[in-house]
Amino acid sequence: MTEQHALVWEGGTVVAVRPVTVPESRPGWVAVDVAFAGICGSDLHIADGKHIRAQPGQVLGHEFVGHLAEPYGDLPVGQPMFVNPTVHCGVCEACLAGRTNVCHTLTLVGIDYPGGVAPRTVVPGYGIYSLPADVDLVAAALIEPLAVAVRAVRRSGLALGDRAHVVGAGPVGCLVGLLSTAAGATVTVSEPSASRRKYAAELGLTIVDSPDDLGHGADVVFDASGHTSVAGELPRWLRTAGTAVIVGAYHPGLHGVDLLSVMFGEITIIGTRIYQRSDIEAAIELVTTGRFDAHRLISKVFRLGEAVAAIDSLRRGEGMKVLIEPGQPRGT
Ligand SMILES: [Zn+2]
Ligand SMILES: [Zn+2]
């Protein structure tokens, strides 16, 4: 198999499903047959020509699960697995300190290397996690964004009985809200899109419109929006000495925050970036034991041939997490 169909960003705002060369393995990497790949905000950034690193011709998809297409160590062909799509250098100060998720030259499968909206791709061997033989791979496709949310909630220091507010009710915002609820917080969510507000409400999350609706500030505000208009509002969502957690990726550049209110209120602002091994392990545990019902967040599964329609539906703000099923035979 030297060619396969894949979802490709062609440049500008054009995406297409078209033939590409099947990526070849490289030392330390392993070939994977993709079962399901999620589409996320980063993919839409790329598809809209707004991602700072992606180059035209990029095969999309960094949220995927599948089966080993070749043996790896003791793992046989066909082993179900989750893939951590990040590629770290191993030698920078962050990597040497064990913080590979903030490697100074971090890159991703699906942004810098051929991604998972394709029947087959290759991934670093250190990034694969075995899943149970009977795993529900549709649910498992949510492990990647769930691991993002696990890390965000862990980084926040959220405690039982706290009040948490989430700005942005996309998949990660909703996951952060649901995990915060599970962690014993009282959670509110704000979101401008009517369809996303409706979806979040159906997930059991309480929607508010502005900080004035809270009555008093939250202990923790999660910014899952990455939108510059939100940055200036963050202190207003918080009580004195509250914590703002930046979860969503902002465009490069400066975004205004009222630093006097940060200083007067002794507010803490922290960042959280993707996940570390322990966050992924927690997300795998939550999904594979059924303690977290991933299906509630998955609004639709599209075939590969419908992937452009899937992107367009997300551009229109429809649904929540959508998956693509590349759908070609394994082991070819
Ligand atoms: Zn993503
Ligand atoms: Zn590094």
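Biologist: Which residue just after α6 takes a positive phi?
Modeller: This is a predicted model, where local features need pLDDT of at least 70, side-chain atom pairs count only at pLDDT 80 or more, and totals for chains, interfaces and linings use all residues. Residues are numbered from 1 along each chain as its sequence is written, chains are lettered from A and ligands numbered from 1 in the order written, and side-chain values use heavy atoms, leaving out hydrogens and water. Helices (H or I, at least four residues) and strands (E, at least two) are DSSP runs, numbered from the N terminus. With a phi of about 95 degrees, the residue just after α6 is Gly204.

Biologist: Within what arc do the buried residues of α6 fall?
Modeller: Buried means under 20% relative accessible area, exposed over 50%, partly exposed in between (1.4 Å probe, protein chains only). In α6 (residues 194-202), the buried residues are Arg196, Tyr199 and Ala200. They line one face of the helix, because the arc, taken from the directions from the helix axis to the C-beta atoms, is 100 degrees.

Biologist: Which exposed residues does the opposite face of α6 carry?
Modeller: This face is turned away from the buried side of α6. Its exposed residues are Ala194, Lys198 and Glu202.

Biologist: What is the geometry at the zinc ion (ligand 2)?
Modeller: Its protein donors (N, O and S atoms within 2.8 Å, or 3.2 Å for Na, K and Ca) are the SG atoms of Cys89, Cys92, Cys95 and Cys103, 2.3 Å from it. Four donors count as tetrahedral if all angles lie between 85 and 135 degrees. Here the angles are 103 to 118 degrees, and the site is tetrahedral.

Methods:
Four donors count as tetrahedral if all angles lie between 85 and 135 degrees; four count as square planar and six as octahedral if opposite donors are over 155 degrees apart and all others between 65 and 115; anything else is irregular.
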